[in-house]
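The following questions and answers are intended for a student who is learning to read a protein structure. Please keep the sequence and the model in view while working through them.

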Amino acid sequence: MRITNSGTYESCRWQSKDGSTRVNFNNNIQTISPLTYFQNNMSELRTTLLTGGASGVCSDCYTMEKHDKISGRQRQLLKVGIQEQYFEKSLASSTLRSAFDYSNNNQGHTDRSVTDWQIDLGNYCNGACVYCNPENSSRLATEFQKLGLIDQIPPLAWCDDPDLVDQFVKVLTSSPTLQYLHFLGGETVITPGFKTILTALVDAKLAQDITIGFTTNLTVWSDDIIELLKQFQQVNLGMSIETLTRVNDYVRYPSEINSVQRTLNRWVELRNQQDWLIQLRITPTCLTVHELTTVYDYAWQNNIAVESCNFIDNPKFFRISVLPKKQRKIAQDTLTEWIQSRNSNNKDKIINTRDPNIAQDQIIQDATSYLNYLTLADDESNRLPDLIAYLKKLESNRKNTILDYLPQYEQLFRSAGY
Ligand SMILES: C[S@@+](CC[C@H](N)C(=O)[O-])C[C@H]1O[C@@H](n2cnc3c(N)ncnc32)[C@H](O)[C@@H]1O
């Protein structure tokens, strides 16, 4: 299950937003228990899936699979022992087989309780990545308001209200079946609710049975958080980055690549000591896809998986397919050369993208998915003027210029209105 910034429950962390915003004031914590929601309100979705239907809320996963990207759907299936290529047999031996049967015979109801939560902690963030949005970055929200891009900044998140945090903590600490909690900010490491929830789980002596997942922007470090994390069964850390060059400073504004690199190295060292699972989380856009191999190089050398949740979809003008043919070709050639110069004999689709033993094969798989996307996605270079208009607007406040970072695109950007 997921609890969004506004306190609304959703069925899955990958549930499609369908273009809607997650700021909708529908605070479920006060009105319905997560257990009731999970066991009863999700019955309709379970029935759809059990009868072989395709739910609209799964559309993001279907899109990923279409482009040969590993979807959340496929990963969750693997967790319960189901492999799509051996569907019938693996379903029969799935760890959840009896639970599927139960739901099938009871109109989608389940008697299980939640084992896995995605916990959205609000938008409190020190970063203002160009492709992010006010819902996920308070800094960007303030900037958007100043630039007249939004009238109002998003409302406070559920997790800014200590009473609601308290209520949700009670839900978690009274739930003996918890296995995995994934936190999302804002910048998780500096969000007070993150520390509050971790501390409560440690105090309730549940930490040793729970895995904590979260993503960081590599601009902050907290010894307190690290000491708490060490008490959990396992930690899965995502580190956001899409290029290790100076272009990072423009795209993941206002981070600074040398400092980001130092923090990255620190987490890698900690991974080596603690045996935690770490990944590089990339959100390549039309501004960075040609430099993706800088991240793959680092990942390859340090045996770190690289994962992107999705191909960027919104804002539309940041899509990789906004790059015109000529620039696309350069990115394609760079990726092709990089892939071909690495040895990977793996032919199987890697679903468990976090397995460090096959990190290098997984990197090749990720690189190949971007190459496929660059090769196959429809041309959307008609969106370039929108991109330029947007960048100019941000730059009017930030006093920087994209041409300092991507001088090779000057002619292209000028032709689109820069
Ligand atoms: C919103 S951030 C929050 C966590 C943390 N501040 C960070 O930077 O990792 C979570 C992830 O979403 C990615 N992201 C930001 N804007 C996005 C967009 N428009 N589409 C897809 N992913 C996006 C970020 O790059 C990051 O990896």
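Q: Which residues does R46 touch, not counting residues up to four places away in sequence?
A: The model is a predicted one. In it, R46 has its place in helix α2, which covers residues 43–50. Once residues up to four places away in sequence are left out, the residues that R46 touches are F38, Q39, S103, G108, H109 and T110.

Q: Is R46 buried or exposed?
A: A residue is called buried when its relative accessible area is under 20%, and exposed when it is over 50%. The relative accessibility of R46 is 15%. Because this value falls under the 20% limit, R46 counts as buried.

Q: How many Å apart in space are R46 and F318, C-alpha to C-alpha?
A: In sequence, R46 and F318 are 272 residues apart. In space, the separation of the two residues, taken from C-alpha to C-alpha, is 35 Å.

Q: How many helices and how many strands are there in the protein, and why is it described as being as compact as a globular protein of its length?
A: The protein contains 18 helices and eight strands. For 418 residues the globule rule gives 22 Å, and the radius of gyration is close to that, so the protein is as compact as a globular protein of that length. The radius of gyration of the protein is 22 Å.

Q: What percentage of the residues in the protein is buried?
A: The C-alpha atoms fill a box of roughly 60 × 50 × 40 Å along the principal axes. The protein exposes about 19300 Å², of which carbon and sulfur atoms supply 48%. Of the 418 residues, the buried share is 54%.

Q: How many Å apart are the centres of the positive and negative side chains?
A: The protein has 41 positive side chains and 47 negative ones.

Q: In what order do the eight strands lie in the open sheet, and which are the edge strands?
A: The eight strands form an open sheet with mixed pairing, in the order β2-β1-β3-β4-β5-β6-β7-β8. An edge strand here pairs on one side only, and the two that do so are β2 (9–10) and β8 (305–307).

Q: Which residue in β8 is the bridge partner of L280?
A: Strand β7 covers residues 277–281 and pairs with β8 in the parallel sense. Three bridges join β7 and β8. For L280, the bridge partner in β8 is V306.

Q: Which residue in β5 is the bridge partner of Y180?
A: Strand β4, residues 180–184, pairs with β5 in the parallel sense over four bridges. For Y180, the bridge partner in β5 is T211.

Q: Which residues of β5 point the other way from T211, G213 and T215?
A: In a regular strand the side chains alternate between the two faces of the sheet. Strand β5 spans residues 211–216, and six of its six residues are buried. T211, G213 and T215 point one way; pointing the other way are I212, F214 and T216.

Q: Which residues is R398 in contact with, leaving aside its neighbours within four places in sequence?
A: R398 lies in helix α16, which covers residues 384–398. It is buried, with a relative accessible area of 7%. Leaving aside neighbours within four places in sequence, its contacts are A128, V130, L140, E143, Y250 and Y253.

Q: Where is P254 found?
A: The peptide bond from Y253 to P254 is cis, with omega near -5°. P254 is found in the loop between α11 (247–251) and α12 (257–274).

Q: Where is P315 found?
A: The peptide bond from N314 to P315 is cis, with omega near -5°. P315 is found in the loop between β8 and α14 (325–340).

Q: Is Q107 buried or exposed?
A: Q107 is found in the loop between α6 (97–105) and β3 (116–120). Its phi is near 50°, a positive value in a residue other than glycine. With a relative accessibility of 66%, Q107 counts as exposed.

Definitions and conventions:
Residues numbered from 1 in each chain as written. Predicted model: local features only at pLDDT ≥ 70, side-chain atom pairs only at ≥ 80, totals over all residues. Heavy atoms only, no water. Rg over C-alpha atoms; globule rule 2.2 N^0.38 Å. Buried < 20%, exposed > 50% of the residue type's maximum accessible area, 1.4 Å probe, protein only. Areas by Shrake-Rupley, 256 points an atom, 1.4 Å probe, with all protein chains shown as cover. Lys, Arg positive; Asp, Glu negative; His and termini not counted. Charge placed at Lys NZ, Arg CZ, Asp CG, Glu CD. Contact = heavy atoms within 4.5 Å. Pairing = 2+ DSSP bridges.
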